[in-house]
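Hi,

Here is the structure for you to look over. My notes come after it.

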Amino acid sequence: MLTHMSSSDPLAVSHGTTAPSRWRSDGRADGIFRWLVAGAATLVLVVLGAAAAAMLWGGRLTFETFGWHFLFSSEWDAVNKQFGAVVPIYGTLVSSLIAMLIAVPVSFGIALFLTEVAPYWLRTPIAAAVELLAGIPSIIYGMWGLFMFVPFMAARVLPWVNQNLGGVPGVGPLFQGPPLGIGMLTAGIVLGIMVIPFISSVMRDVFRAVPASLKESAYALGSTSWEVVWNVVLPYTRSAVVGGIFLGLGRALGETMAVTFVLGNSHQLTASLLMPGNSIAATIANEFTEADSDIYLSSLIALGFLLFIVTFVVLAIARIMLHKLAGKEGNT
Amino acid sequence: MNSPHHSRWLYARRVAANAIAKSLGTVATLFGLFWLIWILWVTLEHGAAALKPGLFTQMTPPPGEDGGLANALFGSVIMSLLAILIGAPIGIAAGTYLAEFARRPAWRETIRFLNDILLSSPSIILGLFVYELLVRPAGHFSGWAGAVALALIVLPVVVRTTDEMLRLVPNAMREAALSLGIPQWKVTVQVLYRAALPGIVTGVLLALARISGETAPLLFTALNNQYWTNNLNAPTASIPVVIFQYAMSPYEAWHSLAWAGAFVVTMLVLVLSLVSRAILLRNRISHD
């Protein structure tokens, strides 16, 4: 053994024929393994780009036929083969906006509760329960929405909304309409419930990551819990909180099945949130199998391309904002 | 200077603001839990009422007739398993590259960034992608296309968990193994994977939970099939798509079957997420 180790050239040791070939095969295996994992990573890299390219290709007939008009026309007429994306785009934006108006304050409240209010033994189970809400498949939300929540809205909530908010100057037209149950407001509320767990879990995680010394300094000056959260925790985590909100927004914009059940699939553009509407994802899901002409199918895929672009931008902003705080953590 | 009266008023106001904020936080949490309980309760109540032995032996019926979900269950199981078989190995490999092999930080961070976006992007888009990629060239919907679409949802979940779990493995392990002269691929497979196994398994289970309720990507790829099929080149039924079709229909018997399907899917998702949580928790404790 000693002679082997003292030898200056390890290749020249006595069992010299086996060791170098062993090293060579090890090196080759290492190279193959490296190429395999690098290939898999490249696949991850190209999936998004390939998806965008495929949808652009699938929607080219629509983009060629209608051009920019596709973005600015509210006509959706399968019989006369005229397609415009305004109604689905409007529905997607409005239902997501309603969702965010509900989900952001509620998620902040949940994060506040989980980091400052709840006793320690209660925090993990409650957080797990809220995250369970994220695990429920959207088709289940859709069924519950259609069979339970829509009748509830139609019987209890919407008549009240119509009566009390319908007459308010300025915003009145938003809340006028028959209490169908199905419609933009219902879809927005269901979306809001669906994205609460995503936003609240990001907020809770980043709130917990605030350095204790910062919070303790504020407490030592006599701050209340609320003042610490509002004046220390929130400013420190601002970018990640915005990132979490955008993450939720990305979910809301692309959510398909739940919205399809409760939105009503109507291509009429109306101001009222109580009327049925449509969203990009719901239009595609509802009409894909019915698309009987090339231009119809192409228009649906073009809608998918628009959705992809919008969600990509929103999610990219979300990730960049979330990353900002991670960098800050590393510095402290 | 503040008068004593003023400071007492200020103090009372601050205490009140604190109390109000904490109460609102509690109300918000109850608000969130309220929906969870309502949705789960409704699914369990209606689903349990619709359960029957024929569910697992009979085919999906035409309107007005009695039937079960056997073909849809079979389709779902086959497509989910295939999706895991395709997506998990690629995902584990890509995650390994990110955690162990990628040298240039910019390149590594770009892949992580895009993977995170893929993780959150709408599943309907992946369905349309696979439609353009496989269904349109082939000219027909197929179970294979459904499996590939689901695999694209599995992929980013597994990449992320594998990457994170491998990074949690202490460097001392790598150094100890490499110093024995073991090649890097063997270190990765026999030392690092073993150390990170519970985490990687959790990632795969989470991915399985996620695809078992996915509907949108299957609408454009596997479509649906009223009959049993062993042929993955033919349109294939799945539980979520059958739920969609039946729940949107006007028939009472179909609604009942849709609830039964919803019950099965929800139970599966609940069990999978509890199991994966338990694995993670047990592992974390044993590491501490």
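Predicted model: local features only at pLDDT ≥ 70, side-chain atom pairs only at ≥ 80, totals over all residues.

Chain B first. It has 10 helices and 0 strands. Along the sequence the pattern reads α-α-α-α-α-α-α-α-α-α. Chain B is more spread out than a compact globule, because its radius of gyration is 25 Å, well over the 19 Å that the globule rule gives for 288 residues. Along the principal axes, its C-alpha atoms fill a box of roughly 80 × 65 × 35 Å.

Burial and contacts next. Of the 288 residues in chain B, 53% are buried. Take the contacts in chain B with a separation of 6 or more: 73% of them join residues 24 or more positions apart.

Now the core. The largest nonpolar core holds 191 residues. Which members touch the most others? They are Trp144(A), Phe288(A), Leu303(A) and Tyr97(B). Helix α14 of chain A, residues 294-331, gives the most to this core, with 16 residues. From chain B, domain 1 (1-50) and domain 2 (56-287) each supply at least three residues.

Phe288(A) deserves a look on screen. Leaving out residues up to four places away in sequence, what does Phe288(A) touch? In chain A, its contacts are Thr283(A), Leu297(A), Leu300(A) and Ile301(A). In chain B, they are Leu128(B), Tyr131(B) and Phe220(B).

Best wishes

How values were computed: Residues numbered from 1 in each chain as written. Chains lettered and ligands numbered in written order. Heavy atoms only, no water. Core = buried A, V, L, I, M, F, W, Y, C linked by side-chain atoms within 4.5 Å. Buried < 20%, exposed > 50% of the residue type's maximum accessible area, 1.4 Å probe, protein only. Helix = DSSP H or I, 4+ residues; strand = E, 2+ residues; numbered from the N terminus. Domains from an automatic or database assignment. Contact = heavy atoms within 4.5 Å. Rg over C-alpha atoms; globule rule 2.2 N^0.38 Å.
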